[in-house]
Amino acid sequence: MTVVSPAPASPPIGDFQLDDRQRAIMSRLKVVTMFVTNVCNARCETCFYWMHLNDPDTNNLTVDEIRQLGLSMPDFDHLLVSGGEPVMRKELPEIVRVWRETCNIKSVDMPTNGLLTKRIVEVVEQMLDENPGMMVTVGHSLDGFKETHDRLRGVPNNFEKTIQTIEALVEVRQRREEAFRRGKGPQPFLRLLVLACVNNQNIDEIERLAEWVSDAHDIDGMMFECLRGEPKDPELLPPTPEQFDRVIQTSMRINDKTMRRRFPEQRPERLAYIRSVYRLQRSHITKGKLPSTCQAGHNLAVLEPDGRLRLCELLDVVGDVREAGLSFPKVWFSEEAERQRNWIRDCRCSCTHCVNLGHSIREGAQINLQRRIDEAMFRLT
Ligand SMILES: C[S@@+](CC[C@H](N)C(=O)[O-])C[C@H]1O[C@@H](n2cnc3c(N)ncnc32)[C@H](O)[C@@H]1O
Ligand code: SF4
Ligand code: SF4
């Protein structure tokens, strides 16, 4: 008779005992999106988050609470901060430091409306100074040339201010790269992107905008995302498949150009990654489904400013980490989270959410590609 010794019990996380399946799911967490604030100084017609903005009753998780939550979580690679306007959260650099200390994050991505140039520069410099070796990516949202951008964003002169922010950060990057070359400072891992939300009101100019901004400013790349969710202006629509195909081609050409300029050695891996994100978006637009199951709820978690947790930012809340005593696993494996995780798998949920799609390809057949891209990201010389 063969005696099979029982598998060793998993060590508990706080007072939560994980079984093997749960432990396997936890170990796949790669990306956390944290809405650090719902305060915003713009009024975008496109915004999918507009109904949550500027709610004076929001009780944000404190830095100490975030630390306690982080201690209940596995290490993960990428923190995406969102909002609201992320830099309007006073403690943003401290929050990033806490995630670095508790979960060993390798990179932080921050989209910004670019309105508060001085504050954005200050936050980025502090994040770089306090977290050597961590990649900081700033995505400047730009939805059109001046007239269209200012109208869609509801802020006069938003266009000029965003360009001013790009220029200020290009200077920061140049100064730090120069210091590194002279042996006077650590290697700066700062990437500057432009993000455009493509819709029926900017489709006729968005490609020209992308060409212009990538020629006039020393950015590292440009990403287009289709309008999604429920924008404030219900007349706004996503592009048609034909329009999006055109935009994809333009984006690939521009990213090819910026990468030849900025990262010639890593160009093939980086372009392959961008191409696969667009392939996924296109699959949703043309066929209404993704070629493989979305990984939200496995490799991706989304945290609201007040501690409510989602598997993906487009799906319902599955629980509240504060009510769960700041235990991530208690909410991650709540009945509602398990039900939604199964629903994503069984219904083959599909969308064009660029960030989520990008991280979905970190799984399965594409994992080697992603690993090569990650390695390339940290070779900036
Ligand atoms: C919600 S914003 C938060 C960060 C910051 N306030 C900003 O605007 O960059 C994050 C990103 O989502 C984009 N976005 C907003 N509404 C969108 C929508 N309905 N579909 C796709 N992207 C959208 C914004 O342009 C921005 O690049
Ligand atoms: S897209 Fe960003 S800047 Fe615009 S309203 Fe939404 S959160 Fe604010
Ligand atoms: S397909 Fe889109 S909406 Fe569905 S779970 Fe994934 S990211 Fe969320």
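**Ligand shells and helix packing in a predicted model**

The shell around ligand 1 comprises 9 nonpolar, 8 polar and 3 charged residues (Ala, Val, Leu, Ile, Met, Phe, Trp, Tyr, Cys and Pro count as nonpolar, Asp, Glu, Lys and Arg as charged, and the others, Gly among them, as polar). The structure is a predicted model, in which local features need pLDDT of at least 70, side-chain atom pairs count only at pLDDT 80 or more, and totals for chains, interfaces and linings use all residues. Residues are numbered from 1 along each chain as its sequence is written, while chains are lettered from A and ligands numbered from 1 in the order in which they are written.

Among the 20 residues around ligand 1, those that come nearest are Phe48, Pro111, Ser141, Leu195 and Cys197 (a residue is near a molecule if its C-beta atom, placed from the backbone, lies within 6 Å of it). At least two residues of this shell are supplied by each of strands S3 (107-112), S4 (135-141) and S5 (190-198) (strands are DSSP runs of E, at least two residues, and helices of H or I, at least four, numbered from the N terminus).

Helix H2 (residues 63-71) meets helix H3 (residues 92-103) through Val63, Ile66, Arg67, Gly70 and Leu71 in H2 and Glu94, Ile95, Val98, Trp99, Thr102 and Cys103 in H3 (contact requires C-beta atoms, placed from the backbone, within 7 Å). This contact of H2 with H3 has 7 nonpolar, 2 polar and 2 charged residues.

Terms used:
Axes fitted to C-alpha atoms, helices over the stretch in contact; angles between N-to-C directions. Contact = placed C-beta atoms within 7 Å.
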